[in-house]
Amino acid sequence: MAATQSSTESSAQPTQPSFVERLASRGSMLYGGDYNPEQWPESVWHDDMRLFKEAGINEVTLNVFSWAQLQPSEDEYDFSKLDRIVKTVSDAGLSIVMATSTGALPAWMALRHPDVNRVDERGRKMRHRERHNACINSQTFRKYSAALAGKLAERYGQLPNLVAWHVGNEYGGMCWCDTCAVKFREWLHRKYGTIEAVNEAWNSAFWSHTYHGFDEIFPPNELGDTTSWGGKAILGGFSLDYQRFYGECVLESYNEEKAAIRKFDPVNPVTTNMMGTYPTYDYFRWRAGASATDGTVGDAAGDATAETAAPTATAGGADVVSWDSYPRPDTDPANVAFCHELMRGVGGGKPFMLMEQTPSRQNWMAYNTQKRPGQMRELSWQAVAHGADTVQFFQLRQNRSGCEKFHGALVSSDGTDRTRAFKECAKLGAELGRVSGRILGSRVVPAKVALIFDWQSRWAIGMSAGPTISMDYVAEVQRWYRELHRRNIPVDIVGPYDSYDAYDLVLAPCLYMMRADLVERLRAFVTGGGRLLLTALSALTDEHDSLYQGEIPVPLRDLTGVWVEETDALDPDAAVVPLRFAGQSSAGVGSVDAAADVTGDRAVATGDRAVAADGNVSAAVAPTDYTENPVIADSANDAAGPHGRVLFDVLEADEGTEVLATYGSEYYVGTPAFTFRPSAGNGGVFYAATFPDDAAMPRFVDALLAGTGIVGLTDAPLVGTVERSAAAPDATVPADLRTVDLEVTRRVAADGTTFTFVLNPVNAPVAVDLPASLAGRDLLTDTTVTPGHRVLPPFAVLVIESEKFLS
């Protein structure tokens, strides 16, 4: 076989089995995780193999942090210990995910080649220290990292039990050194061509920031393009470009290692472990085949959930998405599900790898709470329910020392099989070995709802001075997902580069920054009959963080049918604003009558009088017709009812725009808080002028879904009642917990067989009435699941198999 292969030659070759197909041929999902035997005497290794077999482990991830051992100096390599490790695990019948070891530098490199050491945001040069410690633009790092990846692939790439490559490890952080400054200037020159174009893009006339040459531009660290109040960017476009630039450099370095691997192994998928909503890099750009500069795949017109072509020998990006799931003890189960869906979306809807989770506890939190009995199993099956085709841990044997010595493991420092963690892992291993082959390769049920997650809008909002310090992009996006998850409605989380043609409803909360191509795809979606949700802080800026000039939301002003005249910000801990809903609109969604005072020449109620839009004081104008005193905000009903929070756009609604809810207090009392502008067919644009609280969110989502035919996997949220008398006292279960939203998720095999997952996410028994739609055979117990009343134990999991999927 030739060492390299062109794209043309590759496409002419017979199609290689996919990663999932190769896993399926092994009969079960990968079950294992990080194994670092180089930290222990070799006499321990054989004991480990025995324990792994007992626990049902069939895979190990090797060599994650071994660079210093593999390469003692510039021109010296020593693979002797790794050879013995590989032989040991291969003889034990274990599959291997081989890491390239490039996630942490050897000390000799940091000392002899100081260009590899990062400069932090404060301008301080680092020494040899923790992982994530390399300047990604160091030519020394690039040279030796790619060389090591190539040597590993040459040596181990043809192993019959090798199933994947793992480049680096949890890429993280940034660098602001002089090397990065030079590379950034080169990047800017390629992107913009001239310094005049840079100045125009960044509006650098602000605060005398006009640049007259590229050499005047330095990385925007705390010593440079950062305000002294709140650490916000002075020029948003400047800081955004550096964030983009550095992320592209990290991906470029990953791709160099991948290319070195591909010279010797054209088959096994290459990945790196991502971290859910990790803020620093735009993971959608890591999708195999995506453009590093704009995130598009091909012409960006394909179905976001469609299978992409098998990667060629030169294709960049992650061939299969893998990620590390470490929820905190108080993390909402819906937010864990959100992260799984996000990672599945990064991979274009294909199954992903759960590369890491802890068997028991994490070690970097203030309080490292143990997972309760059954919780590790439930979280593992939750990942599978959302598309994982592997269940892996960090770690398989507990570290002897170091900063992760208190992190949980399959095998603890006692080296026995008697711990609770080991026994629970062994039970899960037996389950996966018995049934996971049935599920392997199935896809999460097709969704009609998409939720856009945009890392770059998140960056831009975070860099902006204003409009509120209470803005949390991830939390606000997750709030919309949480309500759909509560209703067991399938949702795809997609990026701003994807096509939305496959969906009936697209939610784009806080989609602050919109490139022209995204505007056109959203416009085509709406005019083609789709429903789109926008919220406050949407469609405000272009990709350079420059405000669109005109009536907000400028690029979609005609489709939204509203003008955001101004935006109020209130401390959500001190003030919320009641919302008023009434009536039904022509689209079947709840509305209030759009009176003259909230369309056209708007009048704003102020106490018992009103100030019209032309400034004339007139008699009081009742802003709505469903309350006697809409100005009063502190009534008992207001306290318990739906509210808006954080931001409050003051809207003027066009004629033909339906007002679904209005504000019940503040100077904008009676003005629209939630609107709908119909378009072709059943489509249109919803505009949420404020962020709904927990009482308001169901009303907003009711409106989005009304008349669409979009339904959940159960007719209504599957709510269980906590059996308090049978619940043992536990720090993780609030004393006032009375009901629990049970999660229902579904995967569908190629032959139409469905696997419906029902999960109890709390450490308490819950009583529930199962609907007829959940009838079938539970794979885990090989018993029949019938409709009706039953009590689910703490952290219960049902995997219900039924014959055919009906779309």
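**Helix packing, strands and aromatic contacts**

Modeller: In this predicted model, helix H3 (residues 42-55) packs with helix H5 (residues 80-91) at an angle of about 25°, and their axes are 10 Å apart.

Biologist: Is H3 roughly parallel or roughly antiparallel to H5?

Modeller: Two packed helices are described by the angle between their axes and the distance between the axes. For H3 and H5 the angle is about 25°. Angles under 35 degrees count as roughly parallel, so H3 is, relative to H5, roughly parallel.

Biologist: Is the crossing of H3 and H5 left-handed or right-handed?

Modeller: The angle between H3 and H5 is about 25°. The sense of their crossing is right-handed.

Biologist: Which residue in S12 stands opposite Ile452?

Modeller: Strand S11 (residues 449-452) pairs with S12 in the parallel sense, over four bridges. In S12, Val491 and Ile493 point one way, Asp492 and Val494 point the other way, and all are buried. The residue opposite Ile452 is Val494.

Biologist: How many aromatic pairs are there?

Modeller: A pair of aromatic rings is described by the distance of the centres and the angle of the planes. Rings pair if their centres lie within 6.5 Å. By this rule the number of aromatic pairs is 37.

Biologist: How many residues apart in sequence are the parts that the pair of Tyr283 and Trp455 ties together?

Modeller: Tyr283 and Trp455 form an edge-to-face pair, 5.3 Å centre to centre and with 75° between the planes. Tyr283 lies in the loop between strand S6 (273-274) and strand S7 (322-324), whereas Trp455 lies in helix H14 (residues 455-463). Both Tyr283 and Trp455 are buried. The pair therefore ties together parts whose separation in sequence is 172 residues.

Biologist: In the aromatic pair of Tyr667 and Tyr668, is Tyr668 buried or exposed?

Modeller: The rings of Tyr667 and Tyr668 are edge-to-face, 4.7 Å centre to centre, with 75° between the planes. Tyr667 has a relative accessible area of 36% and is partly exposed. Tyr668 has a relative accessible area of 1%, and because buried means under 20%, Tyr668 is buried.

Biologist: Over which ring does the charged end of Arg397 sit?

Modeller: The charged end of Arg185 sits over the ring of Phe218, 4.7 Å from its centre. For Arg397, the charged end is 5.7 Å from the centre of the ring over which it sits, that of Trp40.

Definitions and conventions:
Residues are numbered from 1 along each chain as its sequence is written. This is a predicted model: local features need pLDDT of at least 70, side-chain atom pairs count only at pLDDT 80 or more; totals for chains, interfaces and linings use all residues. Side-chain values use heavy atoms; hydrogens and water are left out. Rings of Phe, Tyr and Trp (its six-membered ring) pair if their centres lie within 6.5 Å; planes under 30 degrees apart count as stacked, over 60 as edge-to-face and the rest as tilted. Helices (H or I, at least four residues) and strands (E, at least two) are DSSP runs, numbered from the N terminus. Buried means under 20% relative accessible area, exposed over 50%, partly exposed in between (1.4 Å probe, protein chains only). A charge sits over a ring if NZ of Lys or CZ of Arg is within 6 Å of the ring centre and within 35 degrees of the ring normal. Two strands pair if DSSP finds at least two bridges between them. Axes are lines fitted to C-alpha atoms, for helices over the stretch in contact, and angles run from 0 to 180 degrees between N-to-C directions. Angles under 35 degrees count as roughly parallel, over 145 as roughly antiparallel, 65 to 115 as roughly perpendicular and the rest as oblique. A crossing is left-handed if the near helix is turned anticlockwise from the far one by less than a right angle, and right-handed if clockwise.
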